[in-house]
Amino acid sequence: METSDQKLDISPIGILRIDHVGIAVADLDAAIEFYARVFGMRCVHEEVNEEQGVREAMLSVGPSTEGGCLQLLAPLSPSSTIAKFLDRNGPGVQQLAYTVEDVDAACASLRERGVRLLYDTPRRGTSDSRINFVHPRDAGGVLVELVEPCRADSREDG
């Protein structure tokens, strides 16, 4: 029996799972409270990412983060990417993120396929992960984030 991979001759790029869905919000604290009260989601991580211009929170979907997370993103300044997104679109879904084995390999594979990425090299993401984004024009209008989680051994080196 032929699989869809065989039929389309698709080679994997190392996607392991859906990592999170990013939601742009104006008020992070109010959004955390809303998702906790209405959906019972629990905040498992909060941080400020100056490079990305956001204050963010990761909320567990289900009893553990194995079910993926919801990432709430609030702007640090009116000039941040998230502030501009909120001005254009209002609050709502801003990105879909996939966990990948190796962000460098995934980016190289996507570039070979003619897909544009936002950064030449990966940048620091949540919890010291390494990230890059697929340009929305090359992903059906969706901002796709590629996330290589921080490895415990690399945290000890730094």
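**Exercise 1. Surface patch**

Task: State which residues form a nonpolar patch on the surface, and how much accessible area they have together.

Solution. The model under study is predicted.
Step 1. The patch consists of Phe 34, Val 38 and Phe 39.
Step 2. Together, these residues have about 280 Å² of accessible area.
Step 3. Phe 34 is located in helix H2.
Step 4. The relative accessibility of Phe 34 is 34%.

**Exercise 2. A salt bridge within a helix**

Task: Determine how Glu 33 and Arg 37 are placed in helix H2, and classify the exposure of Glu 33 and of Arg 37.

Solution. 
Step 1. The side chains of Glu 33 and Arg 37 form a salt bridge, with 2.8 Å from N to O.
Step 2. Helix H2 covers residues 28-39, and the two residues are 4 residues apart in it. About one helical turn therefore separates Glu 33 from Arg 37.
Step 3. Glu 33 has a relative accessible area of 39% and is partly exposed.
Step 4. Arg 37, at 55% relative accessibility, is exposed, as the class requires over 50%.

**Exercise 3. Salt bridges between separate parts of the sequence**

Task: Explain which parts of the chain are tied together by Glu 51 and Arg 123, and which by Asp 138 and Arg 116.

Solution. 
Step 1. Glu 51 and Arg 123 form a salt bridge whose closest N and O atoms are 3.8 Å apart.
Step 2. Glu 51 belongs to the loop between strand S2 (42-49) and strand S3 (54-60), while Arg 123 belongs to strand S6 (residues 123-124), so the pair ties together parts 72 residues apart in sequence.
Step 3. Glu 51 is partly exposed at 47% relative accessibility, and Arg 123 is partly exposed at 34%.
Step 4. The side chains of Asp 138 and Arg 116 form a salt bridge of 2.9 Å, N to O.
Step 5. Asp 138 is in the loop between strand S7 (130-134) and strand S8 (144-148), and Arg 116 is in the loop between helix H4 (103-112) and S6; the pair therefore ties together parts 22 residues apart in sequence.
Step 6. Asp 138 is partly exposed, with 29% relative accessibility, and Arg 116 is partly exposed, with a relative accessible area of 41%.

**Exercise 4. The salt bridges as a set**

Task: Give the number of salt bridges in the structure, and identify the residues linked in a network.

Solution. 
Step 1. The structure contains 10 salt bridges.
Step 2. A network of salt bridges links Asp 104, Arg 130, Glu 148 and Arg 151.

**Exercise 5. The largest pocket**

Task: Describe the volume of the largest pocket and the residues of its lining.

Solution. 
Step 1. The volume of the largest pocket is about 460 Å³.
Step 2. Its lining has 22 residues, of which Thr 81, Ile 82, Gln 94, Phe 133 and Leu 143 are the closest to the centre.
Step 3. Two or more lining residues come from each of S3, strand S4 (69-75), helix H3 (81-89), strand S5 (92-100) and S7.
Step 4. H3 provides the largest share, 6 residues.
Step 5. By class, the lining of the largest pocket has 9 nonpolar, 9 polar and 4 charged residues.

**Exercise 6. The second largest pocket**

Task: Describe the second largest pocket by its volume and by the classes of its lining residues.

Solution. 
Step 1. The second largest pocket has about 310 Å³ of volume.
Step 2. Among its 17 lining residues, the closest to the centre are Asp 19, Met 58, Cys 69, Thr 126 and Ser 127.
Step 3. Strand S1 (15-24), S2 and S8 are the elements that give two or more residues to this lining.
Step 4. S1 gives the most, with 3 residues.
Step 5. The lining of the second largest pocket comprises 7 nonpolar, 6 polar and 4 charged residues.

**Exercise 7. Backbone angles**

Task: Find the phi of Ser 127 and the phi of Asp 128, and locate Ser 127 and Asp 128.

Solution. 
Step 1. Most residues other than glycine have a negative phi.
Step 2. Ser 127, a residue other than glycine, has a positive phi near 55 degrees.
Step 3. Asp 128 is not a glycine either, and its phi is positive, about 65 degrees.
Step 4. Ser 127 is in the loop between S6 and S7, and Asp 128 is in the loop between S6 and S7.
Step 5. Ser 127 is partly exposed at 28% relative accessible area, and Asp 128 is partly exposed at 41% relative accessibility.

Key. Residues are numbered from 1 along each chain as its sequence is written. This is a predicted model: local features need pLDDT of at least 70, side-chain atom pairs count only at pLDDT 80 or more; totals for chains, interfaces and linings use all residues. Side-chain values use heavy atoms; hydrogens and water are left out. A salt bridge is a side-chain nitrogen of Lys or Arg within 4 Å of a carboxyl oxygen of Asp or Glu. Buried means under 20% relative accessible area, exposed over 50%, partly exposed in between (1.4 Å probe, protein chains only). Patches are made of residues with over 30% relative accessible area and no salt bridge: like charges are joined within 9 Å, nonpolar side chains (Val, Leu, Ile, Met, Phe, Trp, Tyr) within 5 Å. Accessible areas come from the Shrake-Rupley method with a 1.4 Å probe; for residues, only the protein chains shown count as cover. On a 1 Å grid over the protein atoms alone, a cavity is a set of points where a 1.4 Å probe fits but cannot get out, and a pocket is an open set with protein on both sides within 12 Å along at least five of seven lines; lining residues have an atom within 4 Å of a point. Grid points are joined across faces, edges and corners, and a volume is the space filled by probe spheres set on the points. Ala, Val, Leu, Ile, Met, Phe, Trp, Tyr, Cys and Pro count as nonpolar, Asp, Glu, Lys and Arg as charged, and the others, Gly among them, as polar.
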